[in-house]
Amino acid sequence: MKKLFLIIGAPGSGKTTDASIIAEKHDGIVHYSTGDMLREEVASGSELGLTIEDFISKGALVPLNIIMDTIISAIKNSPVDTILIDGYPRSVEQMNALDEVLKDESDIELVSVIEVRVSQDVAKERILGRAADAKEGEERSDDSIEVFYSRMKIYTDPLNDIQAFYKNKNLLEVISGERILEEVVADMEAFVLSFEK
Ligand code: AMP
């Protein structure tokens, strides 16, 4: 049985960093970031990558079929059974689509949805800091102040519905992301490990 944890959080919440540190520490845990997987497709120079970059550079969500294919193949091909996916769902449409898929998948259990919560001010400071610190050639096409506000709006618009949906299923776990990295990681790690037997 594959155990799936979804990690959501505003741009700059640190969700990708937190989850990747945890996966590195534990052989039985793998981590996939939707943003990283999409950027890998862009870097491959494929036709699909060109389409994806059009959305990413504007801070817009890629279409449902692309993101669904991306996460489902990551889950199915994962080499180990505990899977952390950050950056999904980002819309009510995505939430419902995964819910439908999971109804037919007896081999995948959605264990929890972890929200890494930070205020908009903290998110903005971190994103602008990341943009200023990026090495040449490693800048992200979406780490600018203009794109930040549109990404933030895209994140917050469906958030109440997403929280309510998973809260109702008793799956929502909120972690404060406004602390030093080690503390956030320790909390998330302890939570994930509490489901390992
Ligand atoms: P991130 O690295 O999580 O900040 O994601 C970077 C960009 O990738 C987002 O602004 C979107 O353009 C795209 N993206 C990431 N996750 C998703 C998703 N679940 N659905 C649609 N687009 C996504």
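Visitor: Is Phe195 buried, partly exposed or exposed, and which cut-offs decide?

Guide: Buried means under 20% relative accessible area, exposed means over 50%, and partly exposed lies in between (1.4 Å probe, protein chains only). Phe195 has 28% relative accessibility, so Phe195 counts as partly exposed. Phe191 has a relative accessible area of 16%, so Phe191 is buried. This is a predicted model: local features need pLDDT of at least 70, side-chain atom pairs count only at pLDDT 80 or more, and totals for chains, interfaces and linings use all residues. Residues are numbered from 1 along each chain as its sequence is written, and side-chain values use heavy atoms, with hydrogens and water left out.

Visitor: How do I read an aromatic pair?

Guide: A pair of aromatic rings is described by the distance of the centres and the angle of the planes. Rings of Phe, Tyr and Trp (its six-membered ring) pair if their centres lie within 6.5 Å; planes under 30 degrees apart count as stacked, over 60 as edge-to-face and the rest as tilted. The count here comes to four aromatic pairs. One of them joins Phe191 and Phe195, edge-to-face, at 5.1 Å centre to centre and 75° between the planes. Ring pairs also link Phe5 with Phe191 and Phe195 into a cluster.

Visitor: Which geometry does the pair of Phe165 and Tyr166 have?

Guide: Edge-to-face, with 5.1 Å centre to centre and 85° between the planes. Tyr166 counts as buried because its relative accessibility is 2%.

Visitor: Which residues touch the most other members of the largest nonpolar core?

Guide: A nonpolar core is a set of buried Ala, Val, Leu, Ile, Met, Phe, Trp, Tyr and Cys residues joined through side-chain atoms within 4.5 Å. The largest has 39 residues, and Leu4, Leu6, Ile85, Tyr88, Leu98, Leu110 and Tyr166 touch the most other members. Helix α4 (residues 64–77) gives the largest share of this core, seven residues. Helices (H or I, at least four residues) and strands (E, at least two) are DSSP runs, numbered from the N terminus. Apart from this core lies another, of 16 residues, among them Leu84, Val116, Ile175 and Met188.

Visitor: What does Leu110 contact, leaving aside its neighbours within four places in sequence?

Guide: Contact means heavy atoms within 4.5 Å. Leu110 is in contact with Leu4, Leu6, Leu102, Tyr166 and Leu171, leaving aside those neighbours.

Visitor: How do I read two packed helices?

Guide: Two packed helices are described by the angle between their axes and the distance between the axes. Axes are lines fitted to C-alpha atoms, for helices over the stretch in contact, and angles run from 0 to 180 degrees between N-to-C directions. Angles under 35 degrees count as roughly parallel, over 145 as roughly antiparallel, 65 to 115 as roughly perpendicular and the rest as oblique. The axes of α5 (residues 92–103) and α8 (residues 159–168) come within 9 Å and cross at roughly 25°. Therefore α5 is roughly parallel to α8. Val92, Met95, Asn96 and Asp99 in α5 meet Asp161, Ile162, Phe165 and Tyr166 in α8.

Visitor: At what angle do α2 and α4 cross?

Guide: At roughly 105°, and the axes of α2 (residues 34–43) and α4 come within 11 Å. So α2 is roughly perpendicular to α4.

Visitor: Where does Asn170 lie?

Guide: Asn170 sits in the loop between α8 and β5 (172–176). Asn170 has a positive phi of about 65° although it is not a glycine. Asn170 counts as exposed because its relative accessibility is 71%.
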